[in-house]
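Hi everyone, thanks for making the time.

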Amino acid sequence: MKILNLYACLGGNRYKWDEVADIEVTAVELDPELARLYQERFPNDIVIIEDAHQYLLDHYKEFDFIWSSPPCPTHSRPRFWAYGQTKTVYPDLKLYEEIILLQHHFKGKFVVENVIPYYDLLIPGIKRGRHLYWTNFNLPNKLTTRDNSGFLNQKSVMNDLIKFHEYDFNKYKGEQRTLKIARNLVDYEAGKTILETALGIINRENVNQTTMF
Ligand SMILES: C[S@@+](CC[C@H](N)C(=O)[O-])C[C@H]1O[C@@H](n2cnc3c(N)ncnc32)[C@H](O)[C@@H]1O
């Protein structure tokens, strides 16, 4: 099964995929330091340092399953609440370009993941925890039994994130803030549940999109 993992970061979503199926993963990440660490973490994956948005357009037909996690800051509510203190920016509508392309042109299964935005959704998605998902298959009501809500807003959060994601983020020596990167990762159990669901492995009784908005 050929999987495309776009905006790969350190592969929070991808961490447990080898337990689900026999997979061949291509990961695209623009930050060379993150790409290097991703390759170290997943030595069998093909890692490409390019713009994921363009890569999707050029290569989507080559894959069976596509996961995309475009950057969320221009959509996020904290950024909106900080308007006045930060520079005002347009929401990056490449998020919606990718959803439309995948919904209308891609023949496999896909997931686009992002935060809950400060505006009404332009395309309906599925809320699960703090995340929004656009998919072309039903998602279970519960993606994970792991709880990270207690420590995400605390100041001394790094050690908790290291334990939660089973990854030492202090290895990162690039230009982004290490804590921001650590906060970016999707919970690996949610990533695993979503791939299992796409492949029809998850019990269908739990698959019911009740919170579509
Ligand atoms: C929200 S994080 C993805 C988290 C990932 N799904 C995980 O669970 O680990 C977004 C990532 O996209 C990367 N990125 C930002 N712009 C990019 C672009 N144009 N092409 C590829 N990667 C990009 C950032 O460096 C960051 O690592």
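Let's begin at the ligand, where one of its oxygen atoms sits 3.4 Å from a polar backbone atom of Gly-11. I'm calling that a polar contact, meaning a pair of N or O atoms within 3.5 Å; within protein, one must be able to donate a hydrogen and the other to accept it, and residues adjacent in sequence count only if both atoms are side-chain atoms. Asn-13 also takes part through its backbone, with an N or O atom 3.1 Å from a ligand oxygen. From a side chain, Gln-176 places a polar atom 3.0 Å from an oxygen atom of the ligand. Taken on its own, the ligand has 610 Å² of accessible area, and the protein covers 90% of that. Those areas come from the Shrake-Rupley method with a 1.4 Å probe, and for residues only the protein chains shown count as cover.

Which residues come nearest to the ligand? They are Gly-12, Glu-29, Asp-51, Ala-52 and Val-186, out of 20 residues around it. A residue counts as near if one of its heavy atoms lies within 4 Å of the molecule or strand in question.

A quick word on what you're looking at. This is a predicted model, so local features need pLDDT of at least 70 and side-chain atom pairs count only at pLDDT 80 or more, while totals for chains, interfaces and linings use all residues. Residues are numbered from 1 along each chain as its sequence is written, and side-chain values use heavy atoms, with hydrogens and water left out.

Now the charged pairs. A salt bridge here is a side-chain nitrogen of Lys or Arg within 4 Å of a carboxyl oxygen of Asp or Glu, and the count comes to nine. Take Asp-45 and Arg-14, whose side chains meet at 2.7 Å, N to O. This pair links distant parts of the chain, 31 residues apart: Asp-45 is in the loop between helix H1 (32–41) and strand E3 (46–48), and Arg-14 is in the loop between E1 and strand E2 (24–28). Helices (H or I, at least four residues) and strands (E, at least two) are DSSP runs, numbered from the N terminus.

Are these two partners buried or exposed? Asp-45 is buried at 6% relative accessible area, and Arg-14 is buried at 3%. For that term, buried means under 20% relative accessible area, exposed over 50%, and partly exposed in between, using a 1.4 Å probe and protein chains only.

Within helix H1, Glu-33 and Arg-36 form a salt bridge at 3.0 Å; being three residues apart, they are separated by about one helical turn. Glu-33 is buried at 13%, whereas Arg-36 is partly exposed at 44%.

Why is H7 described as largely enclosed by the rest of the structure? Because nine of the 11 residues in this helix, which spans 188–198, are buried. Among them are Tyr-188, Ile-194 and Leu-195. The cover includes strand E4 (65–68), strand E5 (109–115) and helix H5 (158–165), with contact meaning heavy atoms within 4.5 Å. Just after H7, Gly-200 takes a positive phi of about 75°.
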